[in-house]
Amino acid sequence: MADPPPQRDAFTNYGYAFQAPSWRQVFSEGNHIVLTRIFRQSDESFASVLNSIRLGEEGVKQITARLVAECSREVTCAEGIKPTQIFARNADVDRINMAELAALPGDAVQFRSVDEYAFKAGVEESKTQKDFLRDCIAAHDISLKEGAQVMLLKNLDPMGGLVNGSRGVVTGYVHASLALAAACAFLTPTQLAEATSVLAKGPPGFKVPVVRFVSGKEFGILPAIFRHDVPGVVECKRTQIPLKLAWTITIHKSQGLTLEAAQVSLVGMFAPGQAYVALSRARSKEGLEIVGWDNKIVPVNKVVAAFYGLGPPPLVREGWVTFCKWRWGSEEELTAEQMMNAGSGICVRL
């Protein structure tokens, strides 16, 4: 009798969402909707260039070279805030942020998160707890100084410009109770209740950082709750000041952000889509500075291209071997028809 397939590890990336066994059961071919309207960039020519890079269109290397030439000049910001640098690798980001922080006078103030885990019934804890929150955008420990350049990690007041990605400089610290009183003017009832609950559990006299944002406004930044669930395994909650050092960030952590001023390095990219993600964080070409390019463009993933109908339908191999080993204990490469009959949902039909 064959051994049962190994239990699936919730932390392993088994491919793209459309490669999941359930995809074709939920989304039929006629139920795929492609979103095409771009909100971040209002300049249609800039958006078109970015889209060419995203899709890996013919001549993309020349298109990128022209954009690099056009954006190889210094970009400046208001309030003495430097453009946020975006790099491909964590090592570069950590090195630059720590060097910038160390160069500031005075002692650093550390903020440590409170992490909570609620495991589902019958689930054995197979990983150390920190692994469950390893991809949380808020760090477990944050060290700040006056003058530190930071980025907001939560939407606090969209109408007032306090959104995920807003950048500013730490100007001091204030008692959390005073920051809460000031925040009543813009927090939603849900946010206010959450902030009140968090502060009630904190130590008396707790102080929070005050940040002056690009807009010139100053706010005390209260702790916020970041949730991350692993379906069927655990519900995680991290309570932390929603800030991170923002002289530099990685391309991965920049996803979803909109930056008024960004300084992008296109050196050392190693994954499909990185160039597009990094460049498209900028709202406009005027706010984009490109500081390095090694004359390489990481190609578009063929599986993704096939899914969007941008190339010949390949045998969707990526992720398939891993999936087969997990489900059937075999690495046999099936044909597209066999995949469909097996109900895997991994095959892409165009």
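1. Let me start with Ala282, which is found in the loop between helix 9 and strand 14. Helices (H or I, at least four residues) and strands (E, at least two) are DSSP runs, numbered from the N terminus. Please keep in mind that this is a predicted model, where local features need pLDDT of at least 70 and side-chain atom pairs count only at pLDDT 80 or more, while totals for chains, interfaces and linings use all residues. Residues are numbered from 1 along each chain as its sequence is written, and side-chain values use heavy atoms, with hydrogens and water left out.

2. Is Ala282 buried or exposed? Its relative accessibility is 0%, so Ala282 counts as buried (buried is under 20% relative accessible area, exposed over 50%, partly exposed in between, with a 1.4 Å probe and protein chains only). Leaving aside residues up to four places away in sequence, Ala282 touches Arg40, Gln41, Phe46, Leu259, Gly287 and Leu288; contact means heavy atoms within 4.5 Å. Ala262 lies 20 residues from Ala282 in sequence, with 5.9 Å between their C-alpha atoms.

3. Next, the strands around that loop. Strand 13 (residues 262–266) pairs with strand 14 (residues 288–293) in the parallel sense over 5 bridges, where pairing requires that DSSP finds at least two bridges between two strands. Val264 has Ile290 as its bridge partner in strand 14. From strand 13 the chain passes through helix 9 (residues 274–279) to strand 14, a right-handed β-α-β crossover: with the strands pointing away from the viewer, the path from the first strand over the helix to the second runs clockwise.

4. Elsewhere, an open sheet of 3 strands has the order 3-10-9, with antiparallel pairing. Strand 3 (114–119) and strand 9 (224–230) are at the edges with a single partner strand each, so one side of each has no neighbour in the sheet. Strand 3 is joined to strand 10 (residues 234–240) by 6 bridges, and Phe119 has Val234 as its bridge partner in strand 10.

5. On a 1 Å grid over the protein atoms alone, a pocket is an open set of points with protein on both sides within 12 Å along at least five of seven lines, and lining residues have an atom within 4 Å of a point. Of its 20 lining residues, Val114, Val198, Gly202, Pro223 and Thr239 are the closest to the centre. Helix 7 gives the largest share of the lining, 5 residues.

Key: 1 Å grid on protein atoms, 1.4 Å probe; cavity = no way out; pocket = protein on both sides within 12 Å on 5 of 7 lines; lining within 4 Å.
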